[in-house]
Amino acid sequence: VVASLALPECSAAAAWSGIHPSLWSCQDCLLRRMAAAAGAEAGAAPADGGLREREEYEGRVRFFSEFLHANRDEWEKRLDTELANGRHRIPLALRELRRADPSLDRRVLEAPVRYLLPWEEALLSFLRETNEKAVKQLRQPLKLDIAGSFGRNHVTPRGMTGSTLQSLMCVEGVVTKAGLSTPKLLQSMHVRKNADDGHVEQRDHRDQTAFVNQPAAGAMPTHDAEGHELAIEVGLSVYKDYQKFNVQEAPENAPPGQIPRSVEVICEGDLADKAKPGDRVQVIGVYRSFPPPPNDFTNGVWPARLVATSIQPVNEMLEAPFVSDDVRNIREVAARPDAFRLLARSFAPSICGHEGVKEGLLLQMVGGTEKNLANGTHLRGDINVLLVGDPSCGKSQMLRFVMNIAPLAVSTTGRGSSGVGLTAAMIREQGSREFNLEAGAMVRADRGVICIDEFDKMSLGDRVAIHEAMEQQCVTIAKAGMHVTLNARCSVLAAANPIYGTFDPALDLAKNIGLPDSLLSRFDLVYVVRDLTTEAIDRRIATQVLRQAQTRLPGEGRRRGLEQVHSSILERRQEVDARRAQEATEVFEKALPGPDGEAPPEVLTVDFLRKYLRYCRRLTPVLSPGAQARVAEKYVDMRMRFSMGHAEGAGQESKKPRLAVTTRTLEAIIRLATAHAKLRLRKDEVLEEDVDEAHRLLLAAREEEVAAAPGSGGGSGDDDGSAPPPPGEDGAGRGQKRPREGEAEEGAGAAEVDDGSIRISSGRLAVLTTLVARTLARQAQQEVAREELLASVNEGLAEGEPPFAEDEFSAGMDSLEAQNKVMVLESGNVISIG
């Protein structure tokens, strides 16, 4: 419909469209003109039919206006709150309509198009009466967001059938593919091509996505009524954002043996770019068919799409709010001396043992603190963990638990993923020569966790593709004339088997893992999970399995197929309603005694653990001066361990090279210490004990003894076990250290005696070298007294390490002086020279 623009002045026109009032009209004017156009298009119908439709339209406008004025104070407050928060979709609950008319909610669900447009017109008129200033500031049209109990209209994509067309539907699923958000022409402005007389004509291009039937939508006028040629004025035309994405049935809701179904969703305006691939969303909208342009014949099969009126992530719906009791319980748990052990024990409690691995995964869920320096340097705060071990040790189950507890988690496998599938891919659309960028798994897991199972099954080229994403946390694509950088700020949790399927004790740790150092150095923690065969371990596993088998879990005996789908939706709705009740979450699990009557261990509930981790992530502590010195000290210790392992292992079969210690290891200590401080709810500073705990975890993951002195060879013998047993438990746990047969206890004695002269052993000399260097580095003065140096060295020894006697210390100092590391003055004082 082409008409000369002769509209009455309206103060809300410029506010809604952003252009001059003389070139555009307000929302209610548009709606009225749309209704008039709809009546004019029905020219073939009887005149009384069009008149009846217009009367029904005006009647619905009056009804909703009376409904708003009946609850004037509530709706004024609701409108002010939503507009103050920048939201233009005003919520309307179905139960409110049910109170006004018992059958109105069902009629709205069956024919929403009849009610949405007149009600939105009445809503704008009500806002103009109550707050005219807000109308002038509008930059988007007001929309109604209908929510509530949809009953049979709450389905998965499999439930979108022909009987649901033209109905208001609520669909849940996973976003599998999302198109780009592009501007769509809403109304075009045309001026005379050969004359500059200010004459402007408009053409309305709204189609079925705006719930308007206009057969001429999209046609451009070429001449006006007087025969003058027209040209479009692009700058004055009005546009809106437009996007399409596909929602697929969730895997757990698909019937057995059938392929998941999907539905295409159209979102416009503020709903564009609200969902990305991998998100679990709940979409409310009108299910409509989109017939092709009129033709001589048709096959009767038309595509049907869901025109969205609301998009909400399922994770936000299920995220329980904090109440005062929850905060008090979180602080009480954090104040316990065994808080770290309790939280680790509550992490994947169905898996027996692996305490060290659970501690590392717990810190990964919290993460460190991200740093963006002024010079543009980015230091990641996410922690990467690699699990390498024998089959049937629970690695995949730990990955599943992380996916269940993390706010955002993306799962993939090594064999089923490629390099571009993990990062980003360039895809050419069918029927065009243009390329589109499709995000991979690591990009979709931005600000979350990506779980990669069977990591060792990936090819070398695919593993190299994720190097940049793991350290720089971005993906750079330079293909097909496009140069794009995408964020991939995610934690990587990978599980792999050893290079020969099972761990071979005859080989060292690096050869068993079989991954290059360039990739291993990007993992902060590398755990080796063993399947140890001892009677104590087998009994613990059997007891754990029996305790789980004797408990009947909620939800057992569920129906399958369509009944299962509807029951899961109803249960989720009940869960959301229960979470909105503002009740405190249960802290501890209720467990039955064991088979022998022993008391079960204390375990936190999964919901409380989620809240605890969410509360910890908000903290941003920094390293205290003491913690900074302790980090440097521990890093030097690990460098000495690595260098001594290579130097002494060259000619001895009992010495095996360890994993490389690089500068990334130093950053890993900082990240782990920060995560431990956040887990203990330290808001301001990271303390020395946090650094000690991070150091212990790193050494345990690298299969090195935590209690060994720096530089000594005492930690190289532990060839199995993922971590030492936590304090208070016996050493029969999984991951127990076993001494080598015939291994010499080097460094255990104070000194060696040869022909009556004192000679210090190589292990003790390495310890002395590290401790002397550390003492001299701490001194403000270059010179230190001999007695003071000996006392400081003995204080720095690890627990159980014999102190240095005077003769042994003298022999060690003579050796250091011969190596030009120190100089002993005639007064006995010592000076560092190398």
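Modeller: One cut-off first: a residue is buried when its relative accessible area is under 20%, exposed when over 50%, and partly exposed in between. The model is predicted.

Start with F211. This residue lies in the loop between β7 (200-204) and β8. Its relative accessibility is 13%, so F211 counts as buried. Set aside neighbours within four places in sequence, and F211 is in contact with V113, L116, L117, V286, R288, V307 and T309. P112 is 99 residues from F211 in sequence, yet their C-alpha atoms are 9.5 Å apart. Buried residues make up 48% of the 834 in the protein chain.

Move along to β8. Strand β8 covers residues 230-248 and holds Y239. Y239 has a relative accessible area of 39%, so it is partly exposed. Together with M220, I232 and V234, Y239 makes a nonpolar surface patch of about 350 Å². For scale, the protein chain exposes about 40700 Å², of which carbon and sulfur atoms supply 51%.

K244 and E264 meet through their side chains in a salt bridge, 3.9 Å from N to O. This pair links distant parts of the chain: K244 sits in strand β8 and E264 in strand β9 (residues 262-268), 20 residues apart. K244, at 29% relative accessibility, is partly exposed. E264 is partly exposed too, at 25%. Elsewhere, salt bridges with shared partners join R380, E471, D524, R664, E667 and R671 into one network.

The total is 42 salt bridges. Another of them joins E96 and R78, at 3.3 Å from N to O. Here too distant parts are linked: E96 belongs to helix α5 (residues 94-100) and R78 to helix α4 (residues 72-84), 18 residues apart. E96 has a relative accessible area of 10%, so it is buried. R78 is buried as well, at 15%. In the salt bridge of R87 with E82, the closest N and O atoms are 2.6 Å apart. R87 counts as partly exposed at 39% relative accessibility, whereas E82 counts as buried at 12%.

Next, helix α13. It spans residues 395-405, and K395, M398, L399, F401, V402 and I405 in it are buried. Viewed down the helix axis, the buried residues fall within an arc of 160°, so they line one face of α13.

β14 pairs with β22 in the parallel sense, over five bridges. L387 stands opposite Y527 in that pairing. β22 runs from residue 525 to 529, and five of its five residues are buried. L525, Y527 and V529 point one way; V526 and V528 point the other way; all are buried.

Antiparallel pairing occurs as well. Strands β19 (residues 474-479) and β20 (residues 482-487) run antiparallel, joined by six bridges. T476 stands opposite T485 in β20. The two strands form a hairpin with two residues between them, and A480 in the turn has a positive phi of about 50°.

Last, a three-stranded case. An open sheet has the order β27-β29-β28, with antiparallel pairing. Its edge strands, β27 (783-784) and β28 (822-824), each pair on one side only. Two bridges hold the antiparallel pairing of β27 with strand β29 (residues 830-832). E783 stands opposite I831 in β29. Overall, the protein chain has 28 helices and 29 strands.

Technical notes. Residues numbered from 1 in each chain as written. Predicted model: local features only at pLDDT ≥ 70, side-chain atom pairs only at ≥ 80, totals over all residues. Heavy atoms only, no water. Buried < 20%, exposed > 50% of the residue type's maximum accessible area, 1.4 Å probe, protein only. Helix = DSSP H or I, 4+ residues; strand = E, 2+ residues; numbered from the N terminus. Arc of directions from axis to C-beta. Patch = residues over 30% accessible without salt bridge, like charges linked within 9 Å, V, L, I, M, F, W, Y side chains within 5 Å. Areas by Shrake-Rupley, 256 points an atom, 1.4 Å probe, with all protein chains shown as cover. Salt bridge = Lys/Arg side-chain N within 4 Å of Asp/Glu carboxyl O. Pairing = 2+ DSSP bridges. Contact = heavy atoms within 4.5 Å.
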